[in-house]
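Here are my notes for you on this model. Keep the structure open and look up each part as you read.

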Amino acid sequence: MDKPENTFLSSPEFLALQRHFETVSDFKMRSLFDEQSDRFNTFNLSAAELTLDFSKNRITSETLPLLIDLAKSRQLPEAIEAMFSGQLVNKSEKRPALHTALRHFSDEPILVDGIDVMPEVRATLTRMKEFCWRIRNQHWRGFSNKPFTDVVSIGIGGSFLGPKLASQALKPYWGKNINCHYLANIDGSNLTEVLQGLNPETTLFIVQSKSFGTQETLKNATECRQWFLDNGGQESDLPRHFTAVTANVDKAKAFGISEENIFPMWDWVGGRYSLWSAIGLPLMLTIGHENFRQFLQGAYEMDVHFRTAPFEQNMPVIMGLLGVWYINFFNAQSHAILPYDHYLRGLPAHIQQLDMESNGKSVDTNGHPLDYQAGPIIWGGVGSNGQHAYHQLLHQGTQFAPCDFILPLMTHNPVDHFHELLVSNCLSQSQALMRGKTLEEAQEELKAAGMSEDEIAVLAPQKVIPGNRPSNTLYFDKATPKVIGALIALYEHKVFVQGQIWGVNSFDQWGVELGKQLGDQVHDALMAERDADISKDFDSSTLGLINAFRNMKNKL
């Protein structure tokens, strides 16, 4: 298949950016701040109760207009409208990507195949509200008439990472009587740790799987079902203790779940974007309907901002464009997410899935191999722990990784002056990445410490910190449900912006599907009773590993 004539790299807008890059790539941010006293105010914007300081980026006043020209040339305005209006933006699967409909608060209809989906969305939200009200107010109880104390959410991928992140982030809003647990990994240790200490009489299980056939989820659900039956529950009690979020109602009913306790999933919502649907049921159970509604409201406000704000003032667009700037011009390979909030410790993992599953592609939407980089490696962790670990690489390593610092200005748990110390760590890290330490500064520092000239000659170069390493700082007053909703939606839209610019489909995941297919074949081989029953199609490495497992299993 021939490549289109006007490729990404040869477009006039990309070439204009390339020329600009050649003139500014050696600029030092330290000097830019010295020259521009108002740089913080110039490169700063707010939306949906979030504020983005992007002044510590290697950009000038000319950079953003050129990046915006590139975005427009890649039909980003049209793509945004296509997504929100329910067009088939997931072209490989011929589906819309309408997660925004799940948090849509206006009266505007949203059509899929000519049918307005909003009545069903609202009806599901009402069912979720009623379900959670009954559980939280102890009207719906377990088989021994005791109120529920624990909820176990069984899912994987988007059915796990998003709800887990949000429920962790909003722990201060949890009700007093219900604890939430997540079971995802197909690992007996995970299952054992989750069930240990739980009482089957007071435990509610939510099975989250669109097909009700995902290997990991179904296996975990089956084991939980058996644990329930082995510890006092009866088959007739299953409808009291098990509910499901799935598109396969028949399979869920066969499992023992009553139809009235089965919540829908739709083809037009991808797993990593499904938090806003009934997949968010464990979140609503823990924080309550009103807080969950505020969570949706924050995301909706970010949606409105993304859809209507000029690109020059559009937070997801600017964050997405800055990522393109570093990946395609500075050859950055990764991006670090650094939340300075214990409750947001799950954010890097969720953004990792959101970004890398969406844009981890090497072929564009027309089937042409990419001849440029797309989709960074996403990593990170909670501050300030990382400062005593991988921040060393950020400051002095040969790898170049832009960072997002995420910071609440107020804490839910004021203890002495802990939060002031945490904030000072966050701000000083972004400052250090920007400023660095010159050789002259290192030499003066060592000289003041009384070192000899020979010692200084050896040690000073090792203490040089290059600086000029970019970061964003996203800050907000407090991590409320509304703020967390806006924050997650912000990153969803940033990923979409970058996917559109790179020309990849951000809504499919064929690499994940291949792993599932091969996993089934390997599992069959591991469980085969005779060596002769194992397929001869495996490569020698996979076959050798299968045999190693089978040999150990036979020894037990």
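1. Start where two helices touch. Ile80, Glu81, Met83 and Phe84 in α5 meet Asp303, Phe306 and Arg307 in α13. By class, this contact has 4 nonpolar, no polar and 3 charged residues. Helix α5 covers residues 76-84 and helix α13 covers residues 289-308. Their axes lie 9 Å apart, and the helices pack at an angle of about 140 degrees. Remember that this is a predicted model.

2. Now follow α13 on its own. The helix has 20 residues. From its first C-alpha to its last, α13 reaches 28 Å, close to the 28 Å expected at 1.5 Å a residue. Its buried residues include Phe292, Phe295, Leu296, Tyr300, Met302 and Phe306. Asp303 is on that list too.

3. Which side chain does Asp303 meet in a salt bridge? The partner is Arg103, at 2.8 Å from N to O. Arg103 lies in the loop between α5 and β3 (111-112), while Asp303 sits in helix α13, so the pair ties together parts that are 200 residues apart in sequence. Are Arg103 and Asp303 buried or exposed? Both are buried.

4. The structure holds 17 of them. One joins the side chains of Glu357 and Arg272, again at 2.8 Å from N to O. Glu357 lies in helix α15 (residues 347-359) and Arg272 in the loop between β9 (262-263) and α12 (281-287), so this pair ties together parts that are 85 residues apart in sequence. Both Glu357 and Arg272 are buried.

5. Next, a pair within one helix. The side chains of Glu223 and Lys219 meet in a salt bridge at 3.6 Å, N to O. Both belong to helix α9 (residues 215-230). Because they are 4 residues apart there, about one helical turn separates them. Glu223 is partly exposed, with a relative accessible area of 33%. Lys219 is also partly exposed, with a value of 44%.

6. Glu49, Glu301 and Lys482 are linked in a network of them.

7. Look closely at β10, residues 334-339. This strand pairs with β12 (residues 403-408) in the parallel sense over 4 bridges. Ala336 stands opposite Cys403 in β12. On β11, 4 bridges join the two strands, which run parallel. There, the bridge partner of His335 is Ile378.

8. How many of the 6 residues of β10 are buried? The count is 6 of the 6, so β10 is largely enclosed by the rest of the structure. Ser334, Ala336 and Leu338 point one way from the strand. His335, Ile337 and Pro339 point the other way.

9. Last, a helix on the sheet.

Technical notes
Residues numbered from 1 in each chain as written. Predicted model: local features only at pLDDT ≥ 70, side-chain atom pairs only at ≥ 80, totals over all residues. Heavy atoms only, no water. Axes fitted to C-alpha atoms, helices over the stretch in contact; angles between N-to-C directions. Contact = heavy atoms within 4.5 Å. Nonpolar A, V, L, I, M, F, W, Y, C, P; charged D, E, K, R; others polar. Expected span 1.5 Å × (residues − 1). Buried < 20%, exposed > 50% of the residue type's maximum accessible area, 1.4 Å probe, protein only. Pairing = 2+ DSSP bridges. Salt bridge = Lys/Arg side-chain N within 4 Å of Asp/Glu carboxyl O.
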